[in-house]
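Trainee: I am new to this one. Could you show it to me, please?

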Amino acid sequence: MQIGPYKLKNNLVVAPMAGVTDRPFRVLCKKMGAGLAVSEMVTSNSLLYGSAKTLRRANHEGEVDPISVQIAGADPKMMAEAAKHNVDNGAQIIDINMGCPAKKICNVMAGSALLKDEPLVSQILKAVVNAVDVPVTLKIRTGWDKNNRNAVAVARMAEDIGVQALAMHGRTRACLYMGDAEYDTIAAVKQAINIPLIANGDITTPEKAKFVLDYTKADAVMIGRAAQGRPWIFRETEHFLKTGEHLPAPEVDEIHQVMLEHIHDLYDFYGELTGMRVARKHISWYTKGLVGSANFRHHMNQLQSVEEQLHSINDFFSELKQRDMRLQYEPESAKDNGEALAA
């Protein structure tokens with residue numbers, strides 16, 4: 001798939017996720033086979049450009065091209081300035097967030113709340129496209145609620161203004177992440193536009209990725225929550241799309257190694273204390289379902305130093321290896337199954 005001058009190595013995209021798609025995660029997913037990874041949302045409020053959080057989110061050191069940065073806001077002028085600021089700091093693609101359903105975003109009429117106001121959508125898109133000389137992409141939902149699905153109109157508007165690719169989540173803003181994503185609206189949008197369309201929503205397996213691509217005729221799929229603790233889903237999906245066959249599940253040794261490399265990158269990126277806390281949720285995702293992991297994850301949340309964290313991880317995987325297991329999962333309670341340790 002191509003976005004402006006950038007030809008991606010495949011049609012698998014990492015969804016932008018707040019608190020997840022930081023540079024260490026993006027680098028890892030690209031290493032594991034993703035063709036593009038979009039940064040977590042960066043504010044358009046220029047007053048926050050110098051904040052530690054914003055500077056971290058704009059850090060792309062060592063990341064494989066192309067660098068895609070997502071910006072969010074509701075003021076056309078500020079969004080244009082944010083786009084220019086991020087291009088000056090290494091962004092090669094600017095992605096506009098009109099898909100986030102979070103209350104704190106929608107309450108300031110940003111994210112998917114913008115879908116209620118098509119004239120404002122037009123003003124923002126024009127301001128950003130005219131402000132930068134790099135490709136601008138857009139992330140939307142199917143509409144505000146089930147009675148107001150206006151994705152086709154917004155998609156046509158975006159193409160006319162000069163947006164070069166569109167990502168679309170198969171839920172309305174009102175749906176949040178509840179229920180099942182629907183793909184009929186995505187298919188309708190694909191028929192209505194000529195720019196690349198990236199389908200998003202409930203793509204959790206290689207088979208689902210193929211189904212969504214076939215059903216919607218989208219050019220690519222965007223994978224989000226399914227990549228948490230499973231970054232190898234990108235290589236698995238790429239292989240399945242090419243061959244129709246499944247790669248073997250990762251060995252316990254590989255899971256251990258990938259997790260350690262990821263965690264050490266988090267320590268380096270955030271500093272040891274914050275990195276240790278950020279790592280907790282990733283450790284939970286990596287080990288979810290593995291034999292004995294429920295107790296391990298509970299214990300992990302109590303640890304207060306990098307040394308304790310690494311020691312506990314190595315002990316857990318040492319026990320798994322002694323059992324000579326590949327990937328053996330055990331049933332967990334409903335509570336454990338949905339558990340993600342707090343950062």
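Trainee: Is Leu 176 buried, partly exposed or exposed?
Mentor: Leu 176 is partly exposed, because its relative accessible area is 33%; buried means under 20% and exposed over 50%, with partly exposed in between (1.4 Å probe, protein chains only). Please note that this is a predicted model, where local features need pLDDT of at least 70, side-chain atom pairs count only at pLDDT 80 or more, and totals for chains, interfaces and linings use all residues. Residues are numbered from 1 along each chain as its sequence is written, and side-chain values use heavy atoms, leaving out hydrogens and water.

Trainee: Where does Leu 176 lie?
Mentor: Leu 176 is in the loop between strand S9 (165-169) and helix H7 (184-192). Helices (H or I, at least four residues) and strands (E, at least two) are DSSP runs, numbered from the N terminus.

Trainee: Now Glu 40: buried or exposed?
Mentor: Glu 40 is buried, with a relative accessible area of 5%. This residue sits in the loop between strand S4 (36-37) and strand S5 (42-43).

Trainee: What does the side chain of Glu 40 reach?
Mentor: That side chain reaches the backbone nitrogen of Gly 19 at 2.7 Å.

Trainee: And which residues does Ile 263 touch?
Mentor: Not counting residues up to four places away in sequence, Ile 263 touches Ala 279, Ile 283, Gln 309, Leu 310 and Ile 313; contact means heavy atoms within 4.5 Å. Ile 263 belongs to helix H10 (residues 252-270) and is buried, at 1% relative accessible area.

Methods: Polar contact = N/O pair within 3.5 Å; in protein donor to acceptor, adjacent residues only side chain to side chain.
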